[in-house]
Amino acid sequence: MRAFFLLLVLANLIFFAYAQVTREGADVEARIQQLQIAPQKIKQIRATQPVPSGKPRGPGKAIPSAPPRVASASPAACLEWGLFAGPAVTRAENALARLELPASQVERTVADAGGYWVYMPPLKTKAEIDRKLGELKSLGVTEFFVVQDAGKWKNAISLGIFRTEEAAQGFLAKLQDHGVRSAVAARRENFLKQVAFHVREPNPATVAKLTELQKEFPGSEMKAGPCPPPAKG
(Lines give C-alpha, C1' and ligand atoms only; values in the text may rest on other atoms or scores of the structure.)
Protein backbone atom coordinates (compact mmCIF):
# COMPACT_ATOMS: atom_id res chain seq x y z
CA MET A 1 0.00 0.00 0.00
CA ARG A 2 2.78 2.43 0.86
CA ALA A 3 4.54 1.73 -2.45
CA PHE A 4 1.28 2.27 -4.33
CA PHE A 5 0.67 5.57 -2.52
CA LEU A 6 4.19 6.81 -3.37
CA LEU A 7 3.66 5.92 -7.02
CA LEU A 8 0.46 7.95 -7.12
CA VAL A 9 2.15 10.96 -5.50
CA LEU A 10 5.01 10.74 -8.01
CA ALA A 11 2.58 10.51 -10.92
CA ASN A 12 0.72 13.62 -9.71
CA LEU A 13 3.98 15.57 -9.37
CA ILE A 14 5.01 14.62 -12.92
CA PHE A 15 1.59 15.64 -14.25
CA PHE A 16 1.74 19.01 -12.44
CA ALA A 17 5.25 19.78 -13.76
CA TYR A 18 4.20 18.85 -17.29
CA ALA A 19 1.08 21.04 -17.10
CA GLN A 20 3.13 24.01 -15.86
CA VAL A 21 5.59 23.71 -18.72
CA THR A 22 2.90 23.52 -21.39
CA ARG A 23 1.26 26.72 -20.08
CA GLU A 24 4.46 28.68 -20.47
CA GLY A 25 6.39 29.32 -23.66
CA ALA A 26 6.75 32.86 -25.01
CA ASP A 27 10.11 31.73 -26.40
CA VAL A 28 9.54 30.08 -29.75
CA GLU A 29 12.42 27.62 -29.48
CA ALA A 30 11.27 26.32 -26.10
CA ARG A 31 7.63 26.28 -27.22
CA ILE A 32 8.39 24.32 -30.37
CA GLN A 33 10.31 21.78 -28.29
CA GLN A 34 7.29 21.48 -26.02
CA LEU A 35 5.02 20.92 -29.01
CA GLN A 36 7.21 18.02 -30.09
CA ILE A 37 6.72 16.09 -26.83
CA ALA A 38 5.74 12.60 -27.93
CA PRO A 39 2.55 11.34 -26.26
CA GLN A 40 3.98 7.83 -26.02
CA LYS A 41 6.67 9.13 -23.64
CA ILE A 42 4.05 10.06 -21.05
CA LYS A 43 3.26 6.83 -19.26
CA GLN A 44 0.26 6.37 -17.03
CA ILE A 45 1.01 4.53 -13.79
CA ARG A 46 -1.57 1.88 -13.03
CA ALA A 47 -1.89 -0.43 -10.07
CA THR A 48 -4.57 -2.67 -8.67
CA GLN A 49 -5.80 -2.37 -5.11
CA PRO A 50 -4.63 -5.44 -3.15
CA VAL A 51 -7.43 -7.46 -1.62
CA PRO A 52 -7.00 -7.97 2.15
CA SER A 53 -6.71 -11.63 3.12
CA GLY A 54 -9.91 -13.17 4.34
CA LYS A 55 -12.05 -10.44 2.85
CA PRO A 56 -12.65 -11.24 -0.81
CA ARG A 57 -14.14 -8.49 -2.87
CA GLY A 58 -17.86 -8.95 -3.26
CA PRO A 59 -19.46 -9.34 -6.68
CA GLY A 60 -20.24 -6.09 -8.39
CA LYS A 61 -17.98 -4.14 -6.05
CA ALA A 62 -15.49 -2.10 -8.05
CA ILE A 63 -12.89 0.28 -6.74
CA PRO A 64 -14.17 3.75 -7.66
CA SER A 65 -11.82 5.51 -10.00
CA ALA A 66 -10.73 9.08 -9.35
CA PRO A 67 -12.55 11.68 -11.43
CA PRO A 68 -10.59 12.62 -14.57
CA ARG A 69 -8.52 15.78 -14.26
CA VAL A 70 -9.28 18.32 -16.92
CA ALA A 71 -6.20 20.25 -17.91
CA SER A 72 -6.73 23.96 -18.38
CA ALA A 73 -6.51 25.02 -21.98
CA SER A 74 -3.18 26.72 -22.64
CA PRO A 75 -3.05 29.43 -25.29
CA ALA A 76 -1.72 28.32 -28.66
CA ALA A 77 1.74 29.55 -29.61
CA CYS A 78 2.16 31.70 -32.69
CA LEU A 79 5.09 33.05 -34.64
CA GLU A 80 4.35 36.69 -35.41
CA TRP A 81 5.89 38.27 -38.51
CA GLY A 82 5.66 41.99 -39.24
CA LEU A 83 5.14 44.84 -39.32
CA PHE A 84 4.12 45.54 -42.91
CA ALA A 85 2.53 48.57 -44.55
CA GLY A 86 1.65 49.66 -48.06
CA PRO A 87 2.73 47.35 -50.91
CA ALA A 88 4.81 45.25 -48.51
CA VAL A 89 1.59 43.73 -47.14
CA THR A 90 0.71 42.13 -50.48
CA ARG A 91 4.30 41.01 -51.03
CA ALA A 92 4.39 39.32 -47.63
CA GLU A 93 1.04 37.63 -48.28
CA ASN A 94 2.31 36.27 -51.60
CA ALA A 95 5.51 35.06 -49.95
CA LEU A 96 3.54 33.20 -47.26
CA ALA A 97 1.34 31.64 -49.94
CA ARG A 98 4.43 29.95 -51.37
CA LEU A 99 4.72 27.91 -48.16
CA GLU A 100 1.25 26.39 -48.86
CA LEU A 101 0.24 26.44 -45.19
CA PRO A 102 -3.37 25.62 -44.27
CA ALA A 103 -5.55 28.73 -44.27
CA SER A 104 -6.51 28.06 -40.64
CA GLN A 105 -2.86 28.28 -39.59
CA VAL A 106 -2.22 31.83 -40.84
CA GLU A 107 -3.98 34.91 -39.52
CA ARG A 108 -3.60 38.52 -40.59
CA THR A 109 -4.09 41.19 -37.93
CA VAL A 110 -3.77 44.94 -37.67
CA ALA A 111 -0.83 45.45 -35.34
CA ASP A 112 -0.43 47.89 -32.49
CA ALA A 113 0.28 51.43 -33.65
CA GLY A 114 3.17 52.04 -31.26
CA GLY A 115 6.64 51.96 -32.78
CA TYR A 116 9.20 53.76 -34.90
CA TRP A 117 9.25 54.80 -38.54
CA VAL A 118 12.23 55.11 -40.89
CA TYR A 119 11.32 57.45 -43.73
CA MET A 120 12.30 60.29 -46.03
CA PRO A 121 10.46 63.57 -45.36
CA PRO A 122 7.64 64.56 -47.74
CA LEU A 123 8.65 65.83 -51.15
CA LYS A 124 6.86 68.62 -53.01
CA THR A 125 6.67 67.47 -56.61
CA LYS A 126 6.36 64.23 -58.56
CA ALA A 127 9.68 64.98 -60.23
CA GLU A 128 11.40 65.08 -56.82
CA ILE A 129 9.72 61.82 -55.83
CA ASP A 130 10.79 60.06 -59.02
CA ARG A 131 14.35 61.29 -58.62
CA LYS A 132 14.52 60.11 -55.01
CA LEU A 133 13.07 56.70 -55.86
CA GLY A 134 15.61 56.36 -58.64
CA GLU A 135 18.41 57.13 -56.18
CA LEU A 136 17.13 54.51 -53.75
CA LYS A 137 17.00 51.84 -56.46
CA SER A 138 20.52 52.72 -57.63
CA LEU A 139 21.73 52.24 -54.03
CA GLY A 140 20.13 48.79 -53.86
CA VAL A 141 17.15 49.79 -51.68
CA THR A 142 13.98 48.14 -52.95
CA GLU A 143 11.66 48.13 -49.90
CA PHE A 144 9.81 51.45 -49.80
CA PHE A 145 6.53 53.13 -50.67
CA VAL A 146 5.26 56.65 -51.11
CA VAL A 147 2.61 57.77 -48.62
CA GLN A 148 -0.50 58.73 -50.58
CA ASP A 149 -2.82 59.73 -47.74
CA ALA A 150 -3.74 63.40 -47.57
CA GLY A 151 -2.11 65.30 -44.74
CA LYS A 152 1.30 66.44 -43.65
CA TRP A 153 2.92 63.08 -44.49
CA LYS A 154 1.70 62.94 -48.09
CA ASN A 155 4.62 62.15 -50.45
CA ALA A 156 6.88 60.98 -47.64
CA ILE A 157 8.83 57.82 -48.56
CA SER A 158 8.39 55.04 -46.01
CA LEU A 159 11.37 52.69 -45.65
CA GLY A 160 10.45 50.60 -42.63
CA ILE A 161 8.32 50.27 -39.47
CA PHE A 162 9.74 48.90 -36.21
CA ARG A 163 8.62 48.16 -32.66
CA THR A 164 11.70 49.57 -30.95
CA GLU A 165 13.92 52.59 -31.42
CA GLU A 166 16.96 50.33 -31.38
CA ALA A 167 15.69 48.32 -34.36
CA ALA A 168 14.80 51.49 -36.28
CA GLN A 169 18.21 53.07 -35.62
CA GLY A 170 19.95 49.85 -36.65
CA PHE A 171 18.07 49.77 -39.94
CA LEU A 172 18.80 53.46 -40.53
CA ALA A 173 22.51 52.78 -40.00
CA LYS A 174 22.39 50.07 -42.68
CA LEU A 175 20.71 52.48 -45.10
CA GLN A 176 23.39 55.06 -44.42
CA ASP A 177 26.06 52.44 -45.11
CA HIS A 178 24.44 52.00 -48.53
CA GLY A 179 24.68 55.74 -49.16
CA VAL A 180 21.16 56.86 -48.18
CA ARG A 181 21.55 60.31 -46.61
CA SER A 182 18.13 61.94 -46.21
CA ALA A 183 16.35 59.17 -44.29
CA VAL A 184 15.44 59.70 -40.62
CA ALA A 185 14.05 57.58 -37.79
CA ALA A 186 11.31 58.88 -35.52
CA ARG A 187 8.48 57.77 -33.30
CA ARG A 188 5.73 56.46 -35.56
CA GLU A 189 2.43 58.26 -35.39
CA ASN A 190 -0.92 56.60 -35.86
CA PHE A 191 -1.45 57.21 -39.54
CA LEU A 192 -0.24 54.05 -41.29
CA LYS A 193 -2.07 50.74 -41.52
CA GLN A 194 0.31 48.18 -40.06
CA VAL A 195 -0.23 44.47 -40.57
CA ALA A 196 1.27 41.45 -38.85
CA PHE A 197 0.91 37.78 -39.77
CA HIS A 198 0.54 35.06 -37.11
CA VAL A 199 1.44 31.45 -37.93
CA ARG A 200 -0.25 29.13 -35.44
CA GLU A 201 1.69 26.27 -33.78
CA PRO A 202 4.45 26.05 -36.42
CA ASN A 203 6.53 22.89 -36.52
CA PRO A 204 10.35 23.11 -36.83
CA ALA A 205 10.22 22.77 -40.62
CA THR A 206 7.79 25.70 -40.89
CA VAL A 207 9.92 27.80 -38.53
CA ALA A 208 12.95 27.17 -40.76
CA LYS A 209 11.01 28.18 -43.88
CA LEU A 210 9.71 31.36 -42.24
CA THR A 211 13.24 32.28 -41.15
CA GLU A 212 14.41 31.99 -44.75
CA LEU A 213 11.39 33.97 -45.92
CA GLN A 214 12.16 36.81 -43.53
CA LYS A 215 15.47 37.41 -45.31
CA GLU A 216 13.48 38.72 -48.28
CA PHE A 217 12.06 41.46 -46.02
CA PRO A 218 15.03 43.09 -44.22
CA GLY A 219 12.85 45.54 -42.29
CA SER A 220 10.58 42.87 -40.80
CA GLU A 221 10.78 41.23 -37.39
CA MET A 222 9.74 37.80 -36.17
CA LYS A 223 8.88 36.86 -32.60
CA ALA A 224 7.04 34.15 -30.68
CA GLY A 225 4.06 34.66 -28.42
CA PRO A 226 0.49 33.59 -27.72
CA CYS A 227 -1.85 33.57 -30.70
CA PRO A 228 -4.29 36.47 -30.95
CA PRO A 229 -7.85 35.75 -29.78
CA PRO A 230 -10.26 34.74 -32.55
CA ALA A 231 -12.11 37.58 -34.20
CA LYS A 232 -15.65 38.10 -32.95
CA GLY A 233 -18.55 37.77 -35.29
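On a 1 Å grid over the protein atoms alone, a cavity is a set of points where a 1.4 Å probe fits but cannot get out, and a pocket is an open set with protein on both sides within 12 Å along at least five of seven lines; lining residues have an atom within 4 Å of a point. Grid points are joined across faces, edges and corners, and a volume is the space filled by probe spheres set on those points.

Before the views, some ground rules. This is a predicted model, where local features need pLDDT of at least 70 and side-chain atom pairs count only at pLDDT 80 or more, while totals for chains, interfaces and linings use all residues. Residues are numbered from 1 along each chain as its sequence is written, and side-chain values use heavy atoms, with hydrogens and water left out.

**View 1. Here is the second largest cavity, with about 30 Å³ of space.** The count comes to two cavities of 30 Å³ or more. Sorted by class, the lining has two nonpolar, three polar and two charged residues. For that sorting, Ala, Val, Leu, Ile, Met, Phe, Trp, Tyr, Cys and Pro count as nonpolar, Asp, Glu, Lys and Arg as charged, and the others, Gly among them, as polar.

**View 2. C78 turns up again, this time in a disulfide with C227.** The S to S distance is 2.0 Å, and a disulfide here is a pair of cysteine sulfur atoms within 2.5 Å. The structure holds one of these. The torsion about the S-S bond of C78 and C227 is about 100°, so the disulfide is right-handed. It ties together distant parts of the chain: C78 sits in strand β1 (residues 77-84) and C227 in the segment after β8 (221-226), 149 residues apart. Are C78 and C227 buried or exposed? Both are buried, where buried means under 20% relative accessible area, exposed over 50%, and partly exposed in between (1.4 Å probe, protein chains only).

**View 3. Now for an open sheet of four strands.** Their order is β4-β5-β3-β6, and the pairing is antiparallel. The edges belong to β4 (145-146) and β6 (184-187), each pairing on one side only. Two strands pair if DSSP finds at least two bridges between them; β3 (residues 116-120) and β5 (residues 157-162) are joined by five. Look for Y119, which stands opposite S158 in β5.

**View 4. The second largest pocket has about 340 Å³ of space.** Its lining is made of 15 residues, and F171, K174, L175, P218 and G219 lie nearest the centre. Helix α5 (residues 165-177) gives the largest share, four residues. By class, this lining has six nonpolar, five polar and four charged residues.

View 5. With a relative accessible area of 7%, S220 is buried. Its side chain makes a polar contact with the side chain of W81 (2.9 Å). A polar contact is a pair of N or O atoms within 3.5 Å; within protein, one must be able to donate a hydrogen and the other to accept it, and residues adjacent in sequence count only if both atoms are side-chain atoms.

Methods:
Helix = DSSP H or I, 4+ residues; strand = E, 2+ residues; numbered from the N terminus.
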